Amino acid sequence: MPGGKLVVIDLALRGDRLADVQLSGDFFLEPDHAFACINAALQNLPAATDELAIAAAVHAALPAGVRMYGLSPEAVAVAVRRAVQAGIA
């Protein structure tokens with residue numbers, strides 16, 4: 001994430017889909033239940049989903065009024081793509 005914040009995605013690959021997705025890192029997200037919204041948005045996405053589509057899915061899943069400090073849907077998307085690539089390599 002620009003500005004030096006750490007964004008981590010832990011996940012498993014089941015077939016060609018994301019599973020057991022967990023977002024964590026050195027950022028703040030209010031309200032706390034927005035974590036579950038992001039994790040749910042990523043769950044079962046095709047592993048080949050590109051960054052633009054991942055960011056759109058995260059953005060669409062966020063409830064109104066969510067505040068992100070040191071985090072963005074785009075940063076989540078980068079972390080997902082890196083996690084998928086690490087899982088494939």
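**Close-up views of a predicted model**

View 1. The side chain of Ser72 lies 3.0 Å from the backbone nitrogen of Ala75. A polar contact is a pair of N or O atoms within 3.5 Å; within protein, one must be able to donate a hydrogen and the other to accept it, and residues adjacent in sequence count only if both atoms are side-chain atoms. This is a predicted model: local features need pLDDT of at least 70, side-chain atom pairs count only at pLDDT 80 or more, and totals for chains, interfaces and linings use all residues. Residues are numbered from 1 along each chain as its sequence is written, and side-chain values use heavy atoms, with hydrogens and water left out.

**View 2. The loop that holds Ser72.** Ser72 sits in the loop between strand E4 (67-69) and helix H3 (73-88). Helices (H or I, at least four residues) and strands (E, at least two) are DSSP runs, numbered from the N terminus. Ser72 counts as buried because its relative accessibility is 14%. Buried means under 20% relative accessible area, exposed over 50%, partly exposed in between (1.4 Å probe, protein chains only).

View 3. The protein has three helices and four strands. Their order along the sequence is β-β-β-α-α-β-α. Of the 89 residues, 36% are buried.

**View 4. Contacts across the chain.** Take contacts (heavy atoms within 4.5 Å) between residues at least 6 apart in sequence: 58% join residues at least 24 apart. The C-alpha atoms fill a box of roughly 35 × 25 × 20 Å, taken along the principal axes.
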